[in-house]
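Q: I am new to this structure and would like to learn how its features are read. May we begin with the surface and then turn to the strands?

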Amino acid sequence: MDSMNTDRALLVASGVRKIYRTGSVEVTALLDLDLLVRHGEMVGVMGPSGSGKTTLLNCLSGLDDIDGGRVEVDGHDLFAMSDAARTEHRAHTMGFVFQAFNLIPVFSAVENVELPLLLVGTRPHEARRRALDMLDRVDLGHRVEHRPSELSGGEQQRVTIARALAGRPAIVWADEPTGNLDSAMADQVMDLLCELNRDEGQTIVLVTHDSAIGARVPRLIRMHDGQLVDDVRQTATARAPSPDVPLG
Amino acid sequence: MYPNLLIPLLTALALALAGLVLVAVRQPVSRRLAFRQIARRRTEAALVIGGSMLGTAIVIGALVVGDTLNFSVRQEAYRTLGPVDERVVAPPGPTGRAVTERLGALAGDPDIDGVLNAQATQASAVSHTDGRTVAEPRVLAWQMDFDKAARFGAPGGDSGLGGPDPKPGQVVVNEPLARSLSVGAGDPVTLYLFGVPGTYRIERVVPEEGLAGVGLGGRLNRDVFLAPGTLDSAARAAGAEPRSVTFVSNRGGVESGEALTDRVTADIRQALGPLAGQTEIETPKHTVLRDARQAGDSLGALFLMIGSFSIIAGALLLVNIFVMLGEERKSQMGMVRAVGMKRSRLVGSFTLEGATYALLSAVPGVAIGVAVGWGVAVVAAQIFQGWSVGGSSIRIAFAVTPTSVLNGLAMGLLIAFAAILATSVRISRFNIIAAIRDLPTTPGQRPRRRLLAVSSTLAVLCAFAAVPAVARSQPDATYLMPALALAFATPALLRVLPRHTVTTLVAGAVLVWTLLAPVIRPRIFDTPSMSVYVIQGALAAFSAVVLVSDNQKTLLRPVRRLLQRPTEGGLAARLAVAYPLAKRFRTGATLVMYTLIVFVLVLLTEISGILRAGVDGVVADATAGYSLRLDYNPQVAGDRLVSDLRGGPSAAGIAAVTPLLNATGRATDPGLRTSTASSAAPAARPATTTTPATPSP
């Protein structure tokens with residue numbers, strides 16, 4: 001890591017190790033992994049099943065503990081903090097998009113989106129205004145009072161993206177964000193994420209097993225057996241959005 | 001019941017509610033999450049409210065039972081004493097007259113609002129109603145001034161006896177005597193005063209209240225009130241003298257006057273001077289009220305002890321429901337933690353939700369608890385009525401006090417809050433990723449250093465505390481301290497031994513200690529406290545279930561072949577055990593609930609068996625092997641009764657007839673305290689209040 005250029009570095013991971021233990025069996029999921037992500041980057045993480053993609057996201061975001069190494073996000077060592085401090089740091093600097101949406105079923109779309117804002121102490125009125133703006137931004141301005149069960153899968157994932165972005169986080173972690181969607185909806189969601197990265201400089205780290213999705217990100221990392229085996233920057237032509245799928 | 005607990009319980013409840021209000025105000029997201037779940041999850045809400053209601057209802061039910069018994073016994077004070085706080089019984093003759101004179105000085109005592117002199121004697125009565133003769137051998141004949149009796153006690157209070165004096169040849173009887181003789185106003189009645197019969201007409205029948213139910217220590221008094229001078233004339237004619245009885249009423253009402261008992265008793269002794277040693281000074285009001293408190297507390301505590309297991313089962317139901325809610329919402333909870341909700345706020349949200357259910361359950365819980373108390377009172381009234389000897393049983397009257405309702409409400413809510421808080425802390429400790437992806441919980445990590453240090457320190461402290469507790473056979477601590485020491489040692493043991501081994505060792509050791517403690521230290525049950533039974537039962541149930549739960553696979557080994565059969569039945573059996581095995585905590589909590597229910601049933605059966613086994617011994621002690629006791633007045637029956645029994649048509653079935661004489665004796669100790677005792681001796685010929693009996697063959 002000493003040789004890494006850390007200018008504008010948002011995430012710096014060095015020597016990260018993660019071991020899963022089941023009884024007496026130990027499985028090394030991440031092995032001395034180094035990674036640097038700069039502000040405004042969109043990074044895709046690909047690899048075969050069991051290669052450690054999701055574990056990488058979980059450990060670098062601080063959602064899961066690590067067994068060795070160091071992870072800094074926005075200048076803060078995640079694993080030197082207490083659980084409460086890490087949670088607060090996560091609330092201020094990170095947004096999450098997961099495959100299973102994980103919306104609160106008893107909250108409406110707008111209430112789900114304003115949830116992280118209220119958790120960081122934003123005034124209710126301001127939180128509501130920003131949540132409505134974000135829902136407009138993902139083209140769900142007409143569905144704000146609907147509950148998750150009243151929304152389609154694509155709409156739910158867009159609510160999730162709105163929730164992840166509402167707090168203007170430094171980095172958005174997306175774990176298989178299109179995994180539960182059909183191809184048309186998956187394209188819509190990817191178009192939205194790419195647009196946010198391109199137009200607003202939103203830093204995004206996206207885990208996928210879908211090569212079509214992987215082909216659309218500017219920087220693609222490949223993993224195998226818990227190690228980074230490839231880290232490439234892709235050309236813009238290879239990343240063109242689908243011409244027949246409207247945004248949002 | 002338990003007025004001394006009211007302030008601490010209400011304070012604890014107020015603090016808990018204040019904490020909840022603080023969470024609701026300062027954590028709007030937690031509040032929104034909690035209240036939205038309540039509004040949208042009605043079935044779950046109904047289940048939690050049911051579990052919470054159970055605890056409140058059982059506690060209030062137990063306290064109301066105590067109230068009822070306390071009130072019922074206290075009614076004795078109103079029925080048989082009224083304003084009478086002290087009773088001074090002097091022997092017949094000049095001493096009695098001297099005592100009456102000396103006690104007249106008490107009228108000016110500021111602690112006393114009434115002194116009433118009366119003469120009394122044991123009598124018997126006969127009535128002829130509808131062609132049949134009805135006899136009552138146990139009658140108290142009184143002679144007192146009705147005008148003074150009406151004014152006896154606190155001004156404006158009801159002494160129980162008033163109206164004009166009966167005219168010569170007339171008597172006033174109380175309801176028990178009228179019932180016993182089947183007579184009413186205007187009917188004739190024959191009274192045997194000092195063995196001499198005389199016929200009187202009943203002027204009126206008065207309710208058994210206050211002075212109209214008064215006696216010389218009995219629970220049921222059949223009183224007849226004679227016209228002035230009647231008893232004196234009868235005594236003179238028979239060459240006898242009636243007893244002098246002086247009733248004293250302390251300042252205040254029926255119950256409030258009791259507080260002055262000690263002072264007034266001292267005043268009475270002072271007034272009597274040297275005659276105190278020859279006089280019986282009784283404090284019946286104080287005795288009745290003390291008995292009422294003891295009876296109420298004892299039965300309430302017994303009911304509460306049995307109910308405690310149901311309360312624990314109710315709390316476990318709450319825990320189980322909350323664990324299920326937590327599992328159902330696992331992915332949501334994982335997500336809210338991921339987006340920045342701190343664990344403490346998640347705990348706050350769950351606690352707020354649970355506390356709201358508990359508060360919603362409070363009102364129906366109180367109503368059900370009072371209804372349970374009422375039901376127990378109805379059943380108890382029937383049981384006590386069955387035990388009645390000549391109507392002398394305690395009359396159970398339902399009663400409920402605000403203190404009991406508030407105590408029960410506070411206890412029920414605090415138990416529910418504690419169960420909900422503990423469960424909320426447990427379900428909030430999860431791996432965020434496992435929760436979001438709805439993955440099974442991974443085996444627990446090794447305990448953290450801080451937890452290890454705290455638990456090890458507590459284990460050592462409990463072990464130290466256990467030594468003197470066990471040595472002194474302290475009831476609760478003998479069970480609790482060793483069990484807690486073992487439980488607190490668990491994190492340290494986990495550092496060196498596998499989890500399964502540690503759990504089995506600790507649970508096994510607690511169970512063995514719970515079963516062996518009464519053998520090693522039998523004196524732990526030499527206590528009136530019921531809590532020791534609750535602790536013993538709870539420890540046995542919990543440790544046994546943990547032991548079974550942690551060794552499920554071993555226990556199921558004998559049926560493994562059955563489960564692995566490749567048939568439809570085998571598959572069904574495999575499915576049936578798969579879920580309980582997978583959800584060990586929930587299965588364990590459910591097992592504990594069932595264990596406690598079975599435990600209570602076995603406990604009740606055992607108590608019933610012990611009582612039943614004791615009945616034969618008690619009957620033998622009380623009857624000396626005789627089957628029947630006949631109380632009769634020899635002036636009415638003469639000696640013929642005994643000879644008729646010995647030689648009559650039933651003689652072949654009678655093994656022995658033993659006439660007894662009984663009399664009341666009095667003893668005075670060096671401290672001038674007097675006490676009475678009843679004694680009986682075989683009589684050459686029966687006399688008043690003899691009790692011949694026929695032994696069973």
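A: We may begin with a definition: a nonpolar patch is made of residues with over 30% relative accessible area and no salt bridge, whose nonpolar side chains are joined within 5 Å. Please note that the model is predicted.

Q: Which residues make a nonpolar surface patch of about 340 Å²?

A: This patch is made by Trp374(B), Val378(B), Phe398(B) and Val400(B). One of these residues, Val378(B), belongs to helix H11 of chain B, which covers residues 343-386.

Q: Is Val378(B) buried or partly exposed?

A: Buried means under 20% relative accessible area, and exposed means over 50%. Val378(B) has a relative accessible area of 33%, so it is partly exposed.

Q: How do strands of a sheet pair?

A: Strands of a sheet pair through backbone hydrogen bonds, in either a parallel or an antiparallel manner.

Q: How many bridges join strand S1 to strand S4 of chain A?

A: Five bridges join S1 (residues 9-22) to S4 (residues 68-73) in chain A, and the two strands run antiparallel. Val12(A) stands opposite Glu72(A), a residue in S4(A).

Q: What percentage of the residues of chain A count as buried?

A: Of its 248 residues, 54% count as buried. Chain A exposes about 10,300 Å², and carbon and sulfur atoms supply 47% of that area.

Conventions:
Residues are numbered from 1 along each chain as its sequence is written. Chains are lettered from A and ligands numbered from 1 in the order in which they are written. This is a predicted model: local features need pLDDT of at least 70, side-chain atom pairs count only at pLDDT 80 or more; totals for chains, interfaces and linings use all residues. Side-chain values use heavy atoms; hydrogens and water are left out. Two strands pair if DSSP finds at least two bridges between them. Helices (H or I, at least four residues) and strands (E, at least two) are DSSP runs, numbered from the N terminus. Buried means under 20% relative accessible area, exposed over 50%, partly exposed in between (1.4 Å probe, protein chains only). Accessible areas come from the Shrake-Rupley method with a 1.4 Å probe; for residues, only the protein chains shown count as cover. Patches are made of residues with over 30% relative accessible area and no salt bridge: like charges are joined within 9 Å, nonpolar side chains (Val, Leu, Ile, Met, Phe, Trp, Tyr) within 5 Å. A salt bridge is a side-chain nitrogen of Lys or Arg within 4 Å of a carboxyl oxygen of Asp or Glu.
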